[in-house]
Amino acid sequence: MSNTPAEQAMLQVSGIVKTFPGVRALDGVDLTLRRGEVHALMGENGAGKSTLIKVLTGVHVPDGGEIRMDGKLIQPTSPRDAESQGISTVYQEVNLIPSMSVAENLCLGRFPKLVGLIRLGAAKKRAREALKRLDMDLDVSRQLSSYSLAVQQMVAIARALDTDAKLLILDEPTSSLDEQEVDELLAMMDRLRKEGLGILFVTHFIDQVYRISDRITVFRNGGFVGEYPTAELPRLKLIGKMVGKDVAALETQEADAKARHGRAVAGQTLVKAEGLGRRNTVHDVQFDIQQGQTVGLAGLLGSGRTETAKMLFGVDPADVGTIKLDGEQVSPRSPREAMRLGFAMTPEDRKAAGIIPNLSVRENIMLALQSRRGIWYRLSAKEQRELADKYIEALGIKTPDREQLVKNLSGGNQQKVLLGRWLAIEPRLFILDEPTRGIDVGAKAQIEKLVGELTEQGMSILFISSEMEEVARTSDRVVVMRDHHQVGQLEGEEVSEHAILNMIAKHDSSAGKEAVDV
Amino acid sequence: MSKLYDEYRRLRWESALAQLRWLHSLIGPVIWPLAALAILLIFNIVFTDNFLKIVITDGRLSGYLVDIFRDGSAVMLVALGMTLVIATGGVDLSVGAVMAISAVVSASMVTPSWLESALGPWAVQMFENSFGMWLAVLIATSLIAALIAGAWNGFLVSVLRIQPIIATLILMVAGRGVAQLICEGQIFTYDVPQLAYIGKGTLIGLPFGVWLVGLMIMATYLLTRRTALGLMIEAVGDSDLASHYTGIRARTIKFLVYVFCGFCAGLAGLIESTNVSSANANQIGLWYELDAIFAVVVGGTALTGGRFLIFGTVIGALLIQTLTITMTIQKVPPEVALIPKALVIVLVCLLQSQTFRQKVFGRFKKKPAAALSAATPANSAGGEA
Amino acid sequence: MKKLFNPKYLPVLATFCVLVLIFVFGAIRYGNQGFLSTYNIVSLFRGGAVVGIAAIGSTFIILSGGIDLSVGAVIAFTSMLVATLISPELGPGWHPAVAITVAIAVGTLFGFLQGCLIHFYALPPFLITLAGMFLARGLAFVVHKESVSIAYPVYEKLRDIKIPLTIPGMGHADVTFSVIMLLVCFVVAILAAQFLPIGREVYAVGGDEDSAKLMGVNIGRVKIGVYTLGGFMAALAGVIATTDMYSGNPKGFEGYELDAIAAVVIGGTLLTGGSGYVIGTLMGVLILGLIRMVIDNEGNLSTWWTNIFTGLLLLLFILLQLVLVKTVKRDKS
């Protein structure tokens with residue numbers, strides 16, 4: 001595919017194989033990265049992106065294949081060793097020490113020394129210089145935790161660049177940044193590219209890939225799919241390559257979903273939120289959810305979507321406004337109270353707030369029902385088994401048996417276990433906060449399908465996702481949020497990804513660019 | 001006909017398998033401490049005369065095996081409370097101090113001079129005139145004192161959300177001071193057979209304390225495993241945030257396990273002090289927190305919280321006590337007996353450590369867990385069907 | 001409260017205030033009983049010497065996110081080792097220099113082994129050092145069952161190392177060898193924490209172990225290092241104890257690990273690791289000594305109030321840190 005001459009390539013990875021017990025994580029993948037380019041590495045979960053990064057940074061030792069840097073064979077043995085070979089990495093979560101100063105964070109592991117002692121002045125100077133390269137000016141003796149996440153991310157990049165890096169790996173650097181911060185980061189990547197640095201950019205955000213990257217390499221299921229110049233690969237094709245489906249299939253899927261919007265919903269109003277708000281989080285949210293209706297909550301990250309869901313579910317109760325259920329005012333002060341009202345919620349942070357990792361699939365599924373029944377009325381062993389088997393079967397949870405620990409399941413299956421847990425109490429309103437984040441495409445489609453089925457059975461669903469397209473596809477009505485406020489609603493035929501983005505953009509010029517772009 | 005027979009055989013086979021599986025689920029997690037206990041017992045059977053012999057004197061059983069249960073009852077009780085605390089991901093360092101408090105309260109309340117000066121003459125009168133009721137009040141008071149101590153720990157951990165080691169360290173340091181404050185630094189010795197019965201008395205051949213502990217173990221087992229409480233505790237210990245989202249009252253549960261642990265410690269303090277009819281605030285329950293934690297961890301409950309094994313804790317406590325008794329029989333000074341205790345802890349910790357197992361046994365065993373996590377999406381669906 | 005000063009100094013500042021408050025209280029109340037004398041001040045340091053030296057090790061261990069329960073037992077063990085090795089009747093009758101070297105080496109090795117178990121097999125420090133406590137205490141009794149006194153000419157000379165100190169108006173006192181060692185150790189430790197790369201790495205590991213690993217910190221070196229240091233400091237404390245008491249005692253030093261931990265926490269170090277100062281631990285040790293002194297001077301207050309006051313101070317500092325951690329989090333969001 002690529003006819004790059006070898007001498008132009010800075011990093012050349014070929015035929016890397018990495019096997020873990022029972023699974024081949026990388027099956028002979030290639031990657032060629034040139035000096036001065038931003039190269040996007042794309043793939044669904046389980047494609048092998050993070051395994052490759054770990055091989056490049058010396059966390060894993062590959063079973064086969066070779067890595068060449070400037071034509072020279074290298075075998076990184078640790079992150080530190082990789083750094084000395086010119087490969088620096090910035091990870092998704094800021095991997096710095098929040099309790100230490102900015103200067104220390106920049107110099108840890110490589111302090112300027114005099115007879116074994118740290119030269120504080122020199123360390124601070126070095127830190128300032130490292131930040132200057134990114135046009136940043138911070139008080140380097142302040143604690144890192146006193147700065148915003150975006151700044152911390154930049155400090156992490158400054159640290160990565162401070163080691164004569166030739167190749168910078170950015171692993172999902174934008175997932176916790178807001179729009180403006182993403183812009184800043186992309187601008188910085190552009191600047192670094194011009195300086196001649198090679199950047200390997202791993203992300204889920206397709207927009208960002210098209211905004212910044214020169215070329216794209218796609219992996220699927222541990223295998224190499226291909227390498228393409230960004231300009232020559234249309235979005236839909238890219239998604240097709242990642243998913244392994246052809247484009248036509250994707251389009252029909254979308255058309256199917258579109259047809260759903262035509263469906264008339266004439267249920268009773270189940271939940272009515274009026275002027276809902278909470279100090280320092282969200283203000284003035286109002287919407288209705290009818291029986292058997294899916295209402296989407298759309299907005300950019302940090303717009304107040306999750307916060308709204310948490311108010312409704314009593315995690316962080318609202319302090320102004322009212323919630324009416326069947327016309328009667330209710331005010332859930334805890335998830336427990338919300339559950340008793342017939343609400344259910346799968347939280348955004350599946351690992352921390354969703355699954356109970358060391359309990360079995362059976363126990364995870366029965367937990368909500370048991371918790372509603374109370375401590376004294378224990379589900380019998382038989383009831384437990386039946387309940388678990390019912391949802392393993394109904395949701396297609398892939399697990400060897402119901403006694404398997406949930407932590408051993410894949411992300412999608414964990415999500416399904418959570419869905420099963422709540423379906424067992426037959427909720428009236430089911431809040432799904434990012435139910436499809438970080439799970440593979442197959443499970444994603446199943447969950448979307450399930451949402452459709454549940455609403456047909458009369459359940460109401462509040463659907464939250466950062467993928468506007470997904471919200472548009474599944475929802476009958478969409479509540480659009482921006483900057484902790486509700487900015488509007490879309491209903492029936494109006495619902496589309498474009499309309500959502502336009503509604504967000506109406507209030508914000510920087511998001512407007514984005515909208516045109518899509 | 002033969003088809004029916006086949007069916008019958010299949011069912012027989014399956015029920016046998018189910019029983020085996022049940023046995024495995026019971027013994028599997030505690031196989032190492034059980035093995036250690038077995039080795040110790042065998043050692044004693046071989047090297048100690050009359051180790052297994054149990055004789056009946058004055059209507060009570062006596063012998064080494066009875067001693068193990070009698071001397072180990074207080075540790076077992078404390079470890080029982082500790083099991084639930086550790087299952088929620090916490091730890092209670094103050095149990096020894098709480099034992100001292102409840103012991104001192106009970107001993108003070110049968111000491112007329114203390115009653116006179118601390119409570120006034122009415123108390124002395126009540127002690128002398130309506131003794132039965134006073135005894136009930138006294139036992140209730142010392143247990144309530146322990147409950148209050150437990151509630152204090154629970155408050156710090158569940159409401160103020162202080163790390164359990166630190167939160168209970170406060171009472172561990174201050175608790176003995178409080179106990180001494182109550183008894184004004186004196187060591188009370190009393191001669192009240194009714195009270196001493198708790199620790200020394202005999203009921204159907206066995207020490208009353210042993211019955212009491214057995215009862216508590218049964219009650220705890222029923223309370224946690226016949227209701228959903230055990231599951232809730234495990235859920236909270238594994239992930240209290242996720243439990244909260246599932247509608248479980250995580251904070252209440254955390255609070256309650258500390259109260260329960262305080263109660264167990266209080267009862268243990270009563271048994272321990274009534275056994276010798278005196279209460280020394282500096283000595284009662286000294287280092288019991290460590291023995292109890294030892295018993296729990298050796299019994300297979302992880303210090304990180306989650307799954308807990310009451311049965312395992314009982315085995316762990318028996319193991320400690322058997323070890324101590326073996327040392328006594330072998331005439332090893334009690335302090336030196338600490339050495340094998342230390343080695344057992346390290347050994348059990350190592351055997352339970354994932355890393356150690358992989359390093360040592362890795363070559364001989366498949367790694368089911370690791371293989372599974374990676375392979376679930378692909379090849380494991382059709383297993384059951 | 002807009003960044004008048006860095007909030008990370010607040011706990012240690014609070015410790016300082018408590019120290020000054022108790023001292024001023026004592027000075028006003030018992031000034032005429034010789035509370036303000038040089039002798040009293042020196043004996044405050046002298047009383048805290050053994051715990052203080054051991055607490056330095058605990059400080060680093062707690063900063064790295066661990067805990068050490070073996071301190072008291074290791075002190076007892078090494079004090080016994082020194083005393084017995086010197087004794088011609090009970091032991092080989094070695095020269096004190098050799099005996100001390102051996103004892104310190106054994107203590108250091110002890111800490112090193114604990115560190116290895118904790119690091120290589122990912123075992124909880126709480127349990128391993130608990131086992132270490134049992135083991136060291138047992139070994140102390142294996143060495144000898146009773147306390148062993150030391151009578152050796154060279155040892156007498158060690159005792160004679162002292163600096164006369166006269167504070168105008170407060171009289172005169174001799175600064176003993178143990179106090180000199182205490183101060184020397186603290187100065188070295190304070191400098192090491194701030195200026196040695198591995199000192200900063202201890203903070204990094206305690207702050208966020210995973211990040212520190214990715215930032216190229218050798219976790220094993222740091223973790224094993226702090227427990228080795230802990231063993232070394234406890235052994236040194238044991239040796240210092242023998243120079244002060246001229247004997248080794250297998251039963252002694254019980255609960256010293258708790259005093260050390262209490263001193264560290266009262267000194268403003270976060271028990272979860274990553275934040276705190278070595279100087280705070282010295283202040284913590286002095287505060288514990290002052291409480292004891294005040295209670296002694298009070299006369300009608302009994303000794304058990306020491307425990308209660310220490311507990312209350314622990315509570316106070318834990319609550320203070322709780323509030324601080326919460327404010328920092330709120331600032332961030």
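Student: How are helix H10 (residues 208-225) of chain B and helix H11 (residues 229-238) of chain B oriented to each other, roughly parallel or roughly perpendicular?

Tutor: One reads the angle between the two axes, and angles of 65 to 115 degrees count as roughly perpendicular. In this predicted model, the two helices pack at an angle of about 75°, with their axes 5 Å apart. H10(B) and H11(B) are therefore roughly perpendicular to each other.

Student: Which residues make the contact between H10(B) and H11(B)?

Tutor: H10(B) contributes B:Leu223, B:Thr224 and B:Arg225, while H11(B) contributes B:Leu229, B:Gly230 and B:Ile233. By type, the residues of this contact are 3 nonpolar, 2 polar and 1 charged.

Student: What should helix H10 (residues 219-245) of chain C span, at 1.5 Å a residue?

Tutor: The expected span is 1.5 Å times one less than the number of residues. For the 27 residues of H10(C) this gives 39 Å, and the end C-alpha atoms are 39 Å apart, so the two values agree.

Student: Is H10(C) mostly covered or mostly exposed?

Tutor: Here one counts the buried residues, a residue being buried if 20 or more other C-beta atoms lie within 10 Å of its own. In H10(C), 22 of the 27 residues are buried, and the helix is thus mostly covered. Just after this helix, C:Tyr246 has a positive phi of about 55°.

Student: Let us turn to contacts between chains. How many residues do chain B and chain C give to their contact?

Tutor: Chain B gives 33 residues and chain C gives 34. On the side of chain B, the elements that supply two or more residues are helix H8 (164-183), helix H14 (288-298), helix H16 (338-352) and helix H17 (354-361). The largest share, 12 residues, comes from H8(B). The side of chain B that touches chain C divides into 24 nonpolar, 6 polar and 3 charged residues.

Student: How many residues of chain A are in contact with chain C?

Tutor: There are 21 residues of chain A in contact with 21 residues of chain C. Two elements of chain A, helix H2 (79-84) and strand E8 (117-118), each give two or more residues to this side. H2(A) provides the largest share, 3 residues. The residues of chain A that touch chain C comprise 10 nonpolar, 7 polar and 4 charged.

Student: How many helices and strands does chain B have, and how many are there in chain A?

Tutor: Chain B has 18 helices and 6 strands, and chain A has 19 helices and 22 strands. Of the 385 residues of chain B, 48% count as buried; for the 518 residues in chain A, buried residues make up 48%. The C-alpha atoms of chain B fill a box of roughly 80 × 55 × 50 Å along the principal axes.

Student: Where in chain A is confidence lowest, and where is it highest?

Tutor: Where pLDDT is low, the predicted coordinates should not be read in detail. The mean pLDDT of chain A is 81, and 88% of its residues reach 70 or more. Confidence is lowest in helix H19 (residues 509-517) of chain A, at a mean of 38, and highest in strand E18 (residues 343-346) of chain A, at 91. Over residues 1-7 of chain A the pLDDT is below 50, and this stretch has 8 contacts beyond near neighbours in sequence. Residues 508-518 of chain A also have pLDDT below 50, with 17 such contacts in the model.

Notes:
Residues are numbered from 1 along each chain as its sequence is written. Chains are lettered from A and ligands numbered from 1 in the order in which they are written. This is a predicted model: local features need pLDDT of at least 70, side-chain atom pairs count only at pLDDT 80 or more; totals for chains, interfaces and linings use all residues. Two residues are in contact if their C-beta atoms, placed from the backbone, lie within 7 Å. Helices (H or I, at least four residues) and strands (E, at least two) are DSSP runs, numbered from the N terminus. Ala, Val, Leu, Ile, Met, Phe, Trp, Tyr, Cys and Pro count as nonpolar, Asp, Glu, Lys and Arg as charged, and the others, Gly among them, as polar. Axes are lines fitted to C-alpha atoms, for helices over the stretch in contact, and angles run from 0 to 180 degrees between N-to-C directions. Angles under 35 degrees count as roughly parallel, over 145 as roughly antiparallel, 65 to 115 as roughly perpendicular and the rest as oblique. A residue is buried if 20 or more other C-beta atoms lie within 10 Å of its own, exposed if 12 or fewer, and partly exposed in between; C-beta atoms are placed from the backbone. pLDDT is the predictor's confidence in each residue, from 0 to 100.
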